[in-house]
Amino acid sequence: MRSSRILSLGRHLPSRVVTNDELGELLDTTDAWIRKRTGIRERRWVVPEDGGPADLAAPACREALDRAGLTPSDVDLVLFATLTPDRTFPGSGCLLLPLIGCEGTPALDIRNQCTGFLYALSVADQFVRTGAADHVLVVGSEVHSTGLDLSDAGRHVAVLFGDGAAAAVVGPGTPSRRIHGTVLHADGTHADVLTTTHPGSRHHPRLTAAHLEAGLHFPRMDGRRVFRMACEKVPDVVHELLQLEGACLDDVDLLVPHQANQRINAMVGERLGLSPDKVFHDIATLGNTTAASIPLALYDAEAQGLLTPGSRILLTAFGAGLTWGASLLTW
Ligand code: UT7
């Protein structure tokens with residue numbers, strides 16, 4: 001069976017930069033608190049003209065296709081990972097297709113939150129390995145800023161999230177440049193530790209003025225529990241993956257983790273015994289962009305010359321669901 005690899009990356013960020021000091025004018029927070037607890041200095045937030053996640057994704061996809069030397073007609077499948085879809089339905093993948101000239105191409109939305117990109121990458125890997133597709137466009141795109149609780153009650157969540165999009169073209173790999181494998185997990189037992197419950201089809205009706213008044217349409221998070229669980233589950237899934245692939249941590253050149261909190265990633269690196277220079281961070285300027293964060297981080301790491309052909313890259317994610325996973329690639 002053939003293998004797959006990431007052929008190219010593209011990204012698109014809204015131009016509006018929101019600094020911690022600006023958030024300090026909206027909320028009871030400070031630049032010092034946000035930097036110390038999360039590592040974030042600023043994030044991007046959309047303005048109305050930027051549109052939704054499908055609109056942000058379109059230029060990222062065009063860049064990725066250009067860099068792979070491909071045209072829209074070469075795309076066999078679009079996978080769109082987001083937890084902030086443009087609409088309840090249809091999916092953002094469908095909305096994206098006419099924006100990039102891929103009308104008629106199958107599109108699948110993937111709703112696995114911060115682990116969405118790894119789920120999508122794994123699906124793309126399977127399609128390419130089996131020959132069912134030659135080129136899969138894997139997108140992570142989010143617009144959080146239109147749905148954050150900017151009252152003091154929501155400050156621990158509102159300061160974390162940023163908007164942005166990135167895309168990867170996954171195509172045939174080679175023995176020396178390929179996705180080795182991905183391990184994925186999910187468990188709804190702890191769904192309530194990080195969730196947005198309304199509107200939801202289990203509520204009669206889905207959304208009322210009382211729900212809005214109570215702020216049930218905003219994300220809610222038990223940050224300390226999520227933090228603790230991320231620091232346990234991520235090292236576990238890395239060991240599981242490396243064992244399956246017959247690899248070890250000494251083989252890893254760079255860990256590119258989901259960017260939820262710089263302290264989580266530093267602690268995961270420490271628990272794995274990786275030296276700090278092997279853990280990639282770009283949360284300082286982007287915040288937590290959930291499904292977009294891993295492809296955005298790969299884009300930044302590549303721009304910094306950290307992804308060279310043959311380097312071993314470990315990707316990790318943990319987030320709402322709960323969902324978590326890890327992938328091992330040779331770039
Ligand atoms: O990507 C999806 C997965 N998400 C995550 O992985 C996020 C995981 N969790 C975290 O990153 C951290 O828990 C947070 C950054 C959200 C919070 O950091 P923390 O160190 O866990 O703080 P905390 O929630 O324990 O709160 C400490 C204090 C509290 O005050 P008291 O009770 O000690 O007086 C909070 O009220 O910090 C206060 N606080 C804030 N202060 C200023 C909470 N949010 C803020 C804020 N500004 N934005």
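**Figure 1. Arg225 in helix 8 of the predicted model.** Arg225 is located in helix 8 of this predicted model. Its relative accessible area is 32%, so Arg225 is classed as partly exposed. Arg225 is also one of the residues that make up a patch of positive charge on the surface.

**Figure 2. The positive patch on the surface.** Lys36, Arg37, Arg224, Arg225, Arg228 and Arg263 together form this patch of positive charge. Two or more of its residues are supplied by each of helix 2 (31–38) and helix 8 (223–245). Helix 8 accounts for the largest share, with three residues.

**Figure 3. The largest nonpolar core.** This core comprises 44 residues, of which Val238, Leu249, Ile264, Leu314 and Phe318 touch the most other members. Contributions of two or more residues come from helix 6 (155–158), helix 8, helix 9 (262–272), strand 12 (312–319) and strand 13 (323–330). Helix 8 is the element that gives the most to the core, namely ten residues.

**Figure 4. Leu207 in the loop between strand 9 and helix 7.** The loop that holds Leu207 runs between strand 9 (194–195) and helix 7 (209–213). Leu207 has a relative accessibility of 36% and therefore counts as partly exposed, a class that spans the range between buried, under 20%, and exposed, over 50%. Thr197 lies ten residues from Leu207 along the chain, and the C-alpha atoms of the two residues are 9.9 Å apart.

How values were computed: Residues are numbered from 1 along each chain as its sequence is written. This is a predicted model: local features need pLDDT of at least 70, side-chain atom pairs count only at pLDDT 80 or more; totals for chains, interfaces and linings use all residues. Side-chain values use heavy atoms; hydrogens and water are left out. Patches are made of residues with over 30% relative accessible area and no salt bridge: like charges are joined within 9 Å, nonpolar side chains (Val, Leu, Ile, Met, Phe, Trp, Tyr) within 5 Å. Accessible areas come from the Shrake-Rupley method with a 1.4 Å probe; for residues, only the protein chains shown count as cover. A salt bridge is a side-chain nitrogen of Lys or Arg within 4 Å of a carboxyl oxygen of Asp or Glu. Lys and Arg count as positive and Asp and Glu as negative; His and the chain ends are not counted. The place of a charge is taken as NZ of Lys, CZ of Arg, CG of Asp or CD of Glu. Helices (H or I, at least four residues) and strands (E, at least two) are DSSP runs, numbered from the N terminus. Buried means under 20% relative accessible area, exposed over 50%, partly exposed in between (1.4 Å probe, protein chains only). A nonpolar core is a set of buried Ala, Val, Leu, Ile, Met, Phe, Trp, Tyr and Cys residues joined through side-chain atoms within 4.5 Å.
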